[in-house]
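User: I would like to learn how to read a few features of a structure, starting with charged pairs. Please show the model and then take me through it.

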Amino acid sequence: MNRTKHNLAKIEDLLQSLGYRIRYEKGSFTPGACRLEENHVIVVNRFYDTAARMDSIAEVLDQLAIDDSNLNDEELKFLQKVLTMDQTSS
């Protein structure tokens, strides 16, 4: 998968469909996911370029227990592409 702003936007839309919110924040930290009250949040360093953002999100998604029951076929295929992107970039 090409690491473009368009594909990053598609990943962000997919995360929203899965019930996650993505935040781009500054600081020295490892990207990750957390649950704040009832909200699922993925935090990524805002200074990362597009490719690093996509790789970080794919890595986080690979570690999560994702309920994909509400996704349509197209979204499921895209999710699989994102998850395999993480495996190929390692």
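**Reading salt bridges, burial and helices**

Analyst: R23 and E25 form a salt bridge, with the closest N and O atoms 2.7 Å apart. This is a predicted model, in which local features need pLDDT of at least 70 and side-chain atom pairs count only at pLDDT 80 or more, while totals for chains, interfaces and linings use all residues. Residues are numbered from 1 along each chain as its sequence is written, and side-chain values use heavy atoms, with hydrogens and water left out.

User: What is a salt bridge here, and how many salt bridges does a search of the whole structure find?

Analyst: The term means a side-chain nitrogen of Lys or Arg within 4 Å of a carboxyl oxygen of Asp or Glu. The search finds 2 salt bridges. Besides R23 with E25, the side chains of D55 and R3 meet in one, at 2.8 Å from N to O. D55 lies in helix α2 (residues 50–63) and R3 in the segment before α1 (5–17), so this pair ties together parts that are 52 residues apart in sequence. Helices (H or I, at least four residues) and strands (E, at least two) are DSSP runs numbered from the N terminus.

User: Which side chain of opposite charge is nearest to R53?

Analyst: For charge, Lys and Arg count as positive and Asp and Glu as negative; His and the chain ends are not counted. The nearest one to R53 is E12, 5.5 Å away. R53, in helix α2, is buried yet has no salt bridge. Leaving aside neighbours within four places in sequence, R53 is in contact (heavy atoms within 4.5 Å) with L8, Y24, V44, N45, R46 and Y48.

User: Where is V44 found, and what does V44 touch?

Analyst: V44 is in strand β3 (residues 39–45) and is buried, at 0% relative accessibility. Not counting residues up to four places away in sequence, V44 touches several residues, among them R23, E25, R53 and I57.

User: How is the span of α1 read, and which residues of α1 are buried?

Analyst: The expected span of a helix is 1.5 Å times one less than its number of residues. α1 has 13 residues and reaches 18 Å from first C-alpha to last, close to the 18 Å expected. Its buried residues are N7, L8, I11, L14 and L15. They cover an arc of only 115° around the axis, which puts them on the same side of α1; the arc is that of the directions from the helix axis to the C-beta atoms. K5, H6 and Q16 are exposed on the other side.

User: Which residues have the most contacts inside the largest nonpolar core?

Analyst: In soluble globular proteins, nonpolar side chains tend to be buried together. A nonpolar core is a set of buried Ala, Val, Leu, Ile, Met, Phe, Trp, Tyr and Cys residues joined through side-chain atoms within 4.5 Å. The largest one has 20 residues, and I11, L15, I57, L61 and V82 have the most contacts inside it. α1, β1 (20–25), β3, α2 and α3 (73–89) each supply at least two residues of this core. Leaving aside neighbours within four places in sequence, L61 is in contact with residues including L15, L79 and V82.

Methods
Buried means under 20% relative accessible area, exposed over 50%, partly exposed in between (1.4 Å probe, protein chains only).
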